[in-house]
Amino acid sequence: MANITKKVSWSSRADDSAAAQAGEATPLLNGSEQERHTSRQQSGGGSICQIGRLTTVELEEEITADEESIRGQTREIPHNEKLLSLKYEGLDYDNIENQLFLEEERRMSPMGFRCLEVSRWVVCGLIGFLTGLIACFIDIAVENLAGLKYEVIKRNIENFTETGGLSISLILWGGFNAAVVMLGSILVAFFEPIAGGSGIPQIKCYLNGVKIPRVVRLKTLVVKVFGVICSVVGGLAVGKEGPMIHSGAVVAAGVSQGRSTSLKRDFKMFEYFRRDTEKRDFVSAGAAAGVSAAFGAPVGGVLFSLEEGASFWNQMLTWRIFFASMISTFTLNFFLSIYNKKTGELSSPGLINFGRFESESVEYYLYEIPLFIAMGAIGGLLGALFNFLNYWITIFRIRYIHRPCLQVMEAMLVAAVTAAVSFTMIYFSNDCQPLAPENSEEYPLQLFCSDGEYNAMATAFFNTPERSVRSLFHNQPGSYNPLTLGLFTLTYFFLACWTYGLAVSAGVFIPSLLIGAAWGRLCGILLASVSPNASIWADPGKYALIGAAAQLGGIVRMTLSLTVIMVEATGNVTYGLPIMLVLMTAKIVGDYFIEGLYDIHIKLQSVPFLHWEAPATSHWLTAREVMSSPVTCLNRIEKVGTIVDTLSNTSTNHNGFPVVVESAGNDEPGKLCGLILRSQLIVLLKHKVFVELVRSRLTQRKLQLKDFRDAYPRFPPIQSIHVSQDERECMMDLTEFMNPTPYTVPQDTSLPRVFKLFRALGLRHLVVVDDENRVVGLVTRKDLARYHMGKHGLEELQLAQT
C-alpha cells in the first residue's frame, strides 16, 4: 500500500495561507502521484494488492512521542472541510446482475412483475400514512405541552406583576425550558447522536449514495420524534418541520424492508426490496412525505426529493413519490380534523399553516419587483452571515464539546439563555397594542400595559415559533412597533444561530422564516412611513412573507422546491414569481460568500458527497490519475484462506474486488471477468460455499438470492465467521456470484466523463482497465469526491481515517 503519511498542524495551515477560511482546501496532493502505482503483490492463490493512498492527517498542534501513544484515545474528529473521511461507504444503487439474479428475473412471469409494481405502490401508501400519523402525534404533543407551559407561566407572570417578584417567573420559565430540553438532549447525546439536528444533511447524503451509519434505524426515529417534541416545548429557537423529513425517510427504510432488524422481527414481506437500489427509491419517497406533512406541500415534497436527493429518477418513481406525499398530507389532515372535533373538515394540511393570504392583501405591482429582489439580496447576506457564524460555532463544538455530558449541559444553557433573553425583551418592551377582538393572540401578556392592551414583544417571544410566524404574516398593520421588530430580529438571529447544531432534534426552517418575517415586516413598515402613498400597497404581511422566503433561501439555498413549498403553504399562487425571484437572488448572493447550511454540515462531517457535476476545470485529469491502485484482485476460483486474509486485513477495508482470469505471469495484472463485493464473500464464507477440489463442483451447496437478502443490510463482520485450517485450503468458485458485467472505463477517460457515469448510474465501484482489459485501478466515491473547486482552482482534499 502506498501509505503517504503527512502531518498537518493547524498553525502551519494558517501560515501557508492567510485566507484559511471556510471553503478553502488543500492544493493537489504533494508527492502522492509518484507513489500511486506500485507493483502488484502476489499472495497465495490470488493476486493481492491494496487500494491505498491513505493520507493520515493529525489534527493536533504538535504531537510528542508520549502523546502519540494516547492519540488513538482522543475523540476529536476532523473539524474542517479540508478532510474526507474514510469511514463512510457507498451504497450499491447498481444491481448486481450475477447468475443468481438473472435466473430469478427470468423465472418471474409478467404477472409477477405487475405484482411487484403494485407492492411498490402499497409501500408508498404505507409510508405516507405512517409519516402523516407521526406528524399528527408530534403536532398534538407540542400543542398540548407548549399550551400547558405558556398557560402556567402566563398565570405566574400576571400574579407577580401585581405583587412584585417577577424574578420567580423568570426562574420558572428558564427552569422549565432547561428541564425539558435536558430530557431531549439526553436522548440524543447518550442514546442516538445521529438523531441530532434536522437530519436533512444525513438524508441528502443517503440519497446521494453514502451509507451514513444508523441513519435509518428505528431507534433513531423514536429519539427523533421525542427529541423534537422536547426541543420545541423547551422554547428553543427551532422548528419541528425539518426532522419530519428524517422521520419520513426512516419510516420508508423500515416499511420497505418488511422487517425490523432492531426488533428482530421479520414479517416475510417485501423481500424483493431488500437491496440498496429499491431502498433508496423508497427513502426518497419518505423524505418527500416528510416535507408534505410538515408544510402541506405534496408537490414541494416531490421537488425536494428531486432537487436535494435522488441521483436516479424516472417517471414512475415521480408518481409513486407524489402518491406518498398526498397520502401523508391527507392522513395528517384527517386525524387533526378528528382531534379538533371537526371530522371531515380538511383544513390543516401541514404542521405549519401560514394561514390564507386574501387576494386583496397580496396584490403586487411591477415597481415592487426591484424591492423584492433587493430583499432577496438582504436575505442572501444575512443567510451567509448566519451560515458563517454557525460554521465556527460547529467547529468549536466538535473540538471542545464532544462529550455527551457537555452536550447536554450546553443544550440546557442555550434553553435557559433563550428564556432569559425572551423574558428580558418582554420586560423592557413598552410596545403596548390594543387587544382587539380580531387579533388572534393565543397567550396575550399584559405585563405593564394598561387594561385592554397586550405586550407586542410577547406575541413574538411568548409563543411557539409557528404561531409567531403566523401573527407576523396576518396581524393588522400597526400591530408591531418597528423597534420591537428590529430587536426581535437581532436577538432571534443569534439565538437560532447558536441553537442549530446542538445535541437536540431540531429544524432550522421555522427559525429562518421567523427571522425573515420579522425584518420583512419591518421593511414594509419603513416603506409605508417613507412614501406617502405606500400605505396603500406596502402591506406589512406581504413583505413579511417575502422576507421569510429571502431569509430561508439565504440559509438553506433551495430554490425550486422552496418556491413551491412557500406557494403551497400560503395557499396562493399569486406570489409564485416574487418568491422565485427572491429565492434565486438570495441563493446567488449567499453562494458568493459561503455555501448553504446543509452543505457546510456535510463537509464538516467529511462525507464524500458527489455534486451534480464534476469540477469545472477537471478535464485535464484522467481515470489513471484519479483511480486507486494497485487493486486487490481475486481469481475466479480462489483459495478460501486467501479470501479470509484479504477480508481480515485491517489496513484496508475494501468493499469491492475485481475478479480476474489468472494470468501465467505473476507480475502482470489479470484480465477482468467480474466484480464481487465484500458482503457477498462474507455470505459465501458463512454458508461454507467451498469446493474441496476445483473440479468437484457437485459438492458445492446451492445458494439462493434469499440468503443474501436475509443478511442485508447488517452483514456480519469477517471476525465473526470461523474458518478452520482445513477449510482454508479449500477453493471457492466465484463465477456464479460475481457480477460478470461490471462497468469499466479505459485509463485515459477524462474525470468529468468518469464522474458523469459514476454519478448518473449510482455506482459504488468503477473498474479502470487497459487496452487488453487488464485491471489497472478502481474508482470509488472517495476518489471522485476528493476533487473540488477551491479559491485557487482545482484542489484535492486529504483523506483521514476517522
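Me: Is the crossing in which H5 passes H10 left-handed or right-handed?
Reply: Helices here are DSSP runs (H or I, at least four residues; strands are E, at least two), numbered from the N terminus. A crossing counts as right-handed if the near helix is turned clockwise from the far one by less than a right angle, and as left-handed if anticlockwise. The way in which H5 passes H10 is right-handed.

Me: What kind of model is this?
Reply: Residues are numbered from 1 along each chain as its sequence is written, and side-chain values use heavy atoms, with hydrogens and water left out. Local features need pLDDT of at least 70 and side-chain atom pairs count only at pLDDT 80 or more, while totals for chains, interfaces and linings use all residues, since the model is predicted.

Me: At roughly what angle do the axes of H5 and H10 cross?
Reply: Helix H5 covers residues 110-163 and helix H10 covers residues 276-295. The axes, lines fitted to C-alpha atoms over the stretch in contact, with angles from 0 to 180 degrees between N-to-C directions, come within 9 Å and cross at roughly 35 degrees.

Me: How many residues apart in sequence are the parts that Glu 89 and Arg 764 tie together?
Reply: A search of the whole structure finds 24 salt bridges (a side-chain nitrogen of Lys or Arg within 4 Å of a carboxyl oxygen of Asp or Glu). One of them joins Glu 89 to Arg 764, whose closest N and O atoms are 3.9 Å apart. Because Glu 89 lies in strand S6 and Arg 764 in the loop between helix H29 and strand S18, the parts tied together are apart in sequence by 675 residues.
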